[in-house]
Amino acid sequence: FPERYCGDGSRSDCGSVMKHLLIILLLIFIWTYNCFAGNKLNIILMLSDDLGWPYYGFMYPDGFDGHEPVITPNLDRLSRRGVTFINGTVAAPMCCPSVESILTGLNQRDIIRVNKNGKIDDTKHKFLPEYIRDEGYVTYYAGKPKAFDPDPYFDYMYKKGRDIGRNGVGPIFDFIEKHHFQGEKKPFFVWYFPRMPHVPLSAPDYFVTLYPKSEGKRNYFAMISWFDDTVGEIISWLEDQELASNTLIIYLTDNGFSLPKSKHKFTENGMRTPIIYYLPGTILPVGQIDSLVSSIDILPTILDFIGANVYKEHHQAGVTLPDSAYLPDSMSLYDLVLGGDNYPTRQYIFGNWHENSQRSVRSKKYKLYAQEEPIKFFDLINDPTEINDLNGLDIYNSVIDEYMNILDQWWNSRINPLLVD
């Protein structure tokens, strides 16, 4: 954004003062038009498919659990030059419900379905691409079709969703060329969700040879590096087209994988993900932040970045909102992303899984699960993969009681102590 400035004048030079004021008003008008009419932010939401939370160069540069470092130079670059929430979480440990929560900004308990285990009742919920489209955007889905049916909610979609990434990312560039530079000439929202590093583990030999010592995980790590290569291709193209400084990129994965008790499991390994926000020139290169954030925060955060009114109204007392605007647990990270670690954030983050009413509460240090008996309790600082259950050790009884009370208040009474300085 251009630097803003003010003129200076005196009573004896009224003409000069008026001239300065008119110039300033004109500059403000041009700036406002460029930022909010002609140059609205573009958005690319990137999801990997089945990527375990430690398997990034920026998370474990020396490798995790005795394995070679996973080579992800492009995601590392996004992480360094943007804001990376290393304590991010998705709302469910498998693709379909995880994506549903990103679409709605809701935890699983608040999603209304057509039947008990059926699809979302879209008459009760409004989806992220619909909000964005209402703000004058053209929207595009390029990714796996199994997660949900994108056709009713996006303007355009890549019909061979399973091929995107593995066969290149050219269709994304074609879409932007056709509908942003030509055609509608609207700001764009792209949802990029390739089936990577998901099976089949079929990365080209070049990526496989990067991991000579990773027997058992070599092909999986190669798929991660291949996915990372597609991220780099997108970033380079945006830079070549002079779009990078006006395109917000958000990255996360849909659920964990290749770790003990990960995919399909309501665990840290199943649900933890780094979440990256990248917008060069606007988001400072803060690097890693340990604030507690969730995938359900993406919807309100994007809406704040594009100046959408619907989420702002959510915070106005006395305003009656439709059910689709009911976001009890999500929070916009707009200020936190732009201000680094200088804004209030969550003291606790809650989760639930629709199977057997499993639920959890997490702080930066501890995590408690209340599902089938017995309760499980872990020290995430010293045991990030949740190997040693501390429930049953007397020295933790009072802490477990405290966390169970906090979780019960959230589950039974919707009390959510969102923020801490």
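Author: Contact here means heavy atoms within 4.5 Å, and with that in hand we can read this predicted model, in which local features need pLDDT of at least 70, side-chain atom pairs count only at pLDDT 80 or more, and totals for chains, interfaces and linings use all residues. Residues are numbered from 1 along each chain as its sequence is written, and side-chain values use heavy atoms, with hydrogens and water left out.

Reader: How many residues does the largest nonpolar core have?

Author: In soluble globular proteins, nonpolar side chains tend to be buried together. A nonpolar core is a set of buried Ala, Val, Leu, Ile, Met, Phe, Trp, Tyr and Cys residues joined through side-chain atoms within 4.5 Å, where buried means under 20% relative accessible area, exposed over 50%, and partly exposed in between (1.4 Å probe, protein chains only). The largest such core has 53 residues, and those with the most contacts inside it are Leu 45, Phe 85, Trp 191 and Tyr 277. Helix α9 (residues 298-305) gives the most to this core, with 5 residues; helices (H or I, at least four residues) and strands (E, at least two) are DSSP runs, numbered from the N terminus. A second, separate core of 50 residues includes Phe 58, Ile 86, Ile 176 and Leu 259.

Reader: Where is Lys 261 found, and is Lys 261 buried or exposed?

Author: Lys 261 is found in the loop between β6 and α8, and counts as exposed because its relative accessibility is 58%.
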